[in-house]
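Subject: Model handover

Hello,

Here is the model for you to look over. My notes follow below it.

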Amino acid sequence: MKLVVCVSYVPDTASKINVSLDGKSIEQAGVTYILNPYDEFAIEEALKLKEKFGGEVEIISLGGDKNKESIQKALAMGADNGILLKDDSYRDSMTIASGLAEEIKTLNADIVLFGKQSVDYDNGIIGQLTAELLGYNCVSVVTKLEISDKTVTAEREIEGGKEVVITSLPVVITAQKGLNEPRYASLKGIMAAKKKVIVEKTPSSCDNKVIIDGFTKPAPKQAGKIIGTDASAAAELVRLLKEEAKVI
Amino acid sequence: MENKILVFLEQRTGLIKRSSFEIASYAYSLSQKINASVEAITIGKEISNIEETGNYGISKVYFYKNAELDLYSSSAYKKIISSHIKENGNNLVLFSNTSMGKELSPLVAVMNDGALAVDCTKLEIENDTVKVTRPVYAGKAFMAAELKGDVNVITIRPNTFPLNKISESNAEIVVKKIDDLDLSVRVLEVIKSDSKLDVTEADIIVSGGRGLKAPENFKIVEELSQVLGAATGASRAVVDAGWRPHGEQVGQTGKTVSPNLYIALGISGAIQHLAGMRSSKYIVAINKDKDAPIFQVADYGIVGDLFEVVPELINELKKIKGNE
């Protein structure tokens, strides 16, 4: 089974995010980057599928040189090969997806996995875009996945519950927390990953249709009032919620 | 240029969702400001409240009706919506940013060679340029962008635009047959979660964190939720510890919420948690630690033991609820 996992490289969720003075970009100083947390579920699922069905796990990332760190981490977890589609320039979601799809086409993948969203731009759409560009079936925000022959049964999270979706290979899956427990890279895995060569390629250029005008920070929230230090404050809180905030 | 706006009305249980009517309302208000027409599209087996769409200013709804589409099918939906767009020449297509809207909108964008922006909290059309604003980094910043597609596909965050009932008149329903039904990706069944309300759809949320000390103590959070008719939420720490299901997690790697009232019990307020709930209209924090960052964003705080404060709060709420 040919498995592909697409990964990104994003600011740690504990990072403070600041906008540059000209409002055109996000400040890079003091921001720590990590493998996108949701991608770990996608990698783990691919490794489990490989253990069950055999085959290879290919890792692809589109972005700058730094993205190699995410690929490296996936290799250390047990993935077989890594490809960096190197492009430092801004790409909107559609042109990222077209770069990925172009490469995946050459790999004849049965299953392509993504994290359900990158925790930078929070779009959560690259998997679906790539699927449609490839002409693959797609199930997003998946918390359970079963493959039997060509049949794919997946549970996806929806408002107030989940839905069971049935489709067939080839398929793109975007992974939600709960799909599995991602493994830690073993020392042996880390050492082996260091020896692997990450193949660099240049994706075709294409025109962005989403042009970024700039970034702003949300207005700082005024700290409110402390209305008490024990249970006697409960009555006052209820009064404020009812009469001042009018939310109950 | 005349803009031809198409609003996708989402239903799962035979009822069009409130968040769809929100974007219907907003699309109508746009059409009053610029040269634009608005129509709506919906898909399903039976839908009881389609006519209501007229109340929000949309006079025509295309209903693609098929007995096989009792449950959602992304493959069928994407083809129906895309061919409708092509036939009618729509250049602006609006979805609600729900699990369905977020899955479908990219598929539809590719099929129409369009531009896509999701989870938008602002949408304006100025001199024929489509401008959106959307939260990034879980709301730690906002991104402003322009869409340059011949077809622009946009999803709007629920609770962003108000429902605006402008008339009593019903919409005209045009029932459409589906020629070539593609069920290659389809829902077999929907499993409802035990908790009654989902955090992304609730007006009030009561969330608990590590300050609850043990999973069984969450009954106090649930009890307060019940009195308020609220959804129950949780911090990442307690979800990671296995005390609560992931569906309840609020924060950067959980759900981003903006209810009218958010009550944080025993939650310190890590950056990733604040990112997921800071846009709530009113925030209440109850925490023993007066230096907890949650108090920086709270409108009302009680620095105290939640095991003493919350039972009293429940009593007080029952009193006023009893008087109503």
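Leaving aside neighbours within four places in sequence, B:Ala292 is in contact with B:Ser268, B:Gly269 and B:Asn287. Contact here means that the C-beta atoms of two residues, placed from the backbone, lie within 7 Å. B:Gly269 is 23 residues away along the chain, yet its C-alpha atom and that of B:Ala292 are separated by 6.7 Å. B:Ala292 sits in the loop between strand S15 (282-287) and helix H7 (294-297) of chain B. Helices (H or I, at least four residues) and strands (E, at least two) are DSSP runs, numbered from the N terminus. B:Ala292 counts as buried because it has 21 C-beta neighbours inside 10 Å. The cut-offs: buried is 20 or more other C-beta atoms within 10 Å of the residue's own, exposed is 12 or fewer, and partly exposed lies in between, with C-beta atoms placed from the backbone.

Provenance and confidence

This is a predicted model: local features need pLDDT of at least 70, side-chain atom pairs count only at pLDDT 80 or more, and totals for chains, interfaces and linings use all residues. Residues are numbered from 1 along each chain as its sequence is written, while chains are lettered from A and ligands numbered from 1 in the order in which they are written. Chain B has a mean pLDDT of 95, and 99% of its residues reach 70 or more. pLDDT is the predictor's confidence in each residue, from 0 to 100. The model scores ipTM 0.94 and pTM 0.91.

Chain B overall

Chain B holds 8 helices and 16 strands. Its C-alpha trace spans about 60 × 40 × 40 Å along the principal axes. Of its 324 residues, 58% count as buried. Among contacts between residues at least 6 apart in sequence, 66% join residues at least 24 apart.

The domain assignment, which is automatic or from a database, gives domain 1 (3-176) and domain 2 (199-323). Their centres, taken over C-alpha atoms, are separated by 32 Å. In chain B, 4 residues of domain 1 are in contact with 7 residues of domain 2. The domain 1 side of that contact has 1 nonpolar, 2 polar and 1 charged residues. For these classes, Ala, Val, Leu, Ile, Met, Phe, Trp, Tyr, Cys and Pro are nonpolar, Asp, Glu, Lys and Arg are charged, and the others, Gly among them, are polar.

Strand S13 of chain B (residues 231-234) is covered on both faces. B:Ala231 and B:Gly233 are buried on one side, B:Thr232 and B:Ala234 on the other. Strand S12 (residues 204-208) of chain B runs parallel to S13(B), joined by 4 bridges. Two strands pair if DSSP finds at least two bridges between them. B:Ser207 has B:Gly233 as its bridge partner.

Chain A and the interface

In chain B, 73 residues are in contact with 71 residues of chain A. The chain B side divides into 39 nonpolar, 17 polar and 17 charged.

In chain A, helix H2 (residues 68-77) is largely enclosed by the rest of the structure, because 8 of its 10 residues are buried. Among them are A:Ile71, A:Leu75 and A:Met77. A:Gly78 follows H2(A) and has a positive phi, near 135°.

Best wishes
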